[in-house]
Amino acid sequence: MNRIEQIKQMLEKTPADDFLKHALALEYLKAGEEISAKETFINLLENNPHYVGSYYHLALLLDRQGDRDAAIRYFEQGMQVAKEKGDHHAFNELRSAYEEMVY
């Protein structure tokens, strides 16, 4: 059984586990399944907009797919959430990637 299948099984038992949803999206990325990764990240953020780590990965994915405007929006949203949460580390990572993209 691969990691994606393992995480999906765990999610069947705890479907509200945002950590597992994030992990699933990352595994999709590793497997080259960008559509599934994108859908998983977006679904996670729609249900929990405070899961700040997903903004970074989703924005990078969108940029790779050529949707720079959406990537910028997700970086900006992520920076706002990180700022509200007082998560300086996440804010700095998001800002650094954002500035690299914009400037």
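Which residue's side chain does a polar contact of 2.6 Å join to that of N48?

1. Basis of the note. This is a predicted model, in which local features need pLDDT of at least 70 and side-chain atom pairs count only at pLDDT 80 or more, while totals for chains, interfaces and linings use all residues. Residues are numbered from 1 along each chain as its sequence is written, and side-chain values use heavy atoms, with hydrogens and water left out.

2. Overall fold. The protein has 6 helices and 0 strands, and its pattern along the sequence reads α-α-α-α-α-α. Helices (H or I, at least four residues) and strands (E, at least two) are DSSP runs, numbered from the N terminus. The radius of gyration is 14 Å, close to the 13 Å that the globule rule gives for 103 residues, so the protein is as compact as a globular protein of that length. The radius is taken over C-alpha atoms, and the rule is 2.2 Å times the number of residues to the power 0.38. Along the principal axes, the C-alpha atoms fill a box of roughly 45 × 30 × 20 Å.

3. Of the 103 residues, 38% are buried; buried means under 20% relative accessible area, exposed over 50%, and partly exposed in between (1.4 Å probe, protein chains only). The protein exposes about 6,300 Å², and carbon and sulfur atoms supply 48% of this area. Accessible areas come from the Shrake-Rupley method with a 1.4 Å probe, and for residues only the protein chains shown count as cover. Among contacts with a separation of 6 or more, 40% are between residues 24 or more positions apart; contact means heavy atoms within 4.5 Å.

4. Helix α1. This helix spans residues 3–13, and I4, I7 and L11 are buried in it. These residues cover an arc of only 65° around the axis, which puts them on the same side of α1; the arc is that of the directions from the helix axis to the C-beta atoms. On the other side of α1, E12 and K13 are exposed. The buried residues of α1 pack against α2 (18–30).

5. K21. Helix α2 contains K21, a lysine that is buried at a relative accessible area of 15%. Leaving aside neighbours within four places in sequence, K21 is in contact with L11, P15, A16, T40 and L44. The C-alpha atoms of K21 and L60 are 18 Å apart in space, and the two residues are 39 apart in sequence.

6. N48 and the opening question. N48 sits in the loop between α3 (34–47) and α4 and is buried, with a relative accessible area of 19%. The partner is D18, whose side chain is joined to that of N48 by the polar contact of 2.6 Å. A polar contact is a pair of N or O atoms within 3.5 Å; within protein, one must be able to donate a hydrogen and the other to accept it, and residues adjacent in sequence count only if both atoms are side-chain atoms.

7. Aromatic pairs. The structure holds 2 aromatic pairs. The ring centres of Y55 and Y74 are 6.3 Å apart and the planes lie at 45°, so this pair is tilted. Y55 is in helix α4 (residues 53–64) and Y74 in helix α5 (residues 68–85), so the pair ties together parts that are 19 residues apart in sequence. Both Y55 and Y74 are buried. For Y56 and F75, the ring centres are 6.3 Å apart and the planes at 70°, so the pair is edge-to-face. This pair also links distant parts of the chain, with Y56 in helix α4 and F75 in helix α5, 19 residues apart. Y56 is partly exposed at 25% relative accessibility, whereas F75 is buried at 0%. Rings of Phe, Tyr and Trp (its six-membered ring) pair if their centres lie within 6.5 Å; planes under 30 degrees apart count as stacked, over 60 as edge-to-face and the rest as tilted.

8. S54. Helix α4 also holds S54, which is buried at 0% relative accessibility. Apart from neighbours within four places in sequence, S54 is in contact with H22, F41, L44 and L45. The C-alpha atoms of S54 and Y74 are separated by 9.3 Å, and the residues are 20 apart along the chain.
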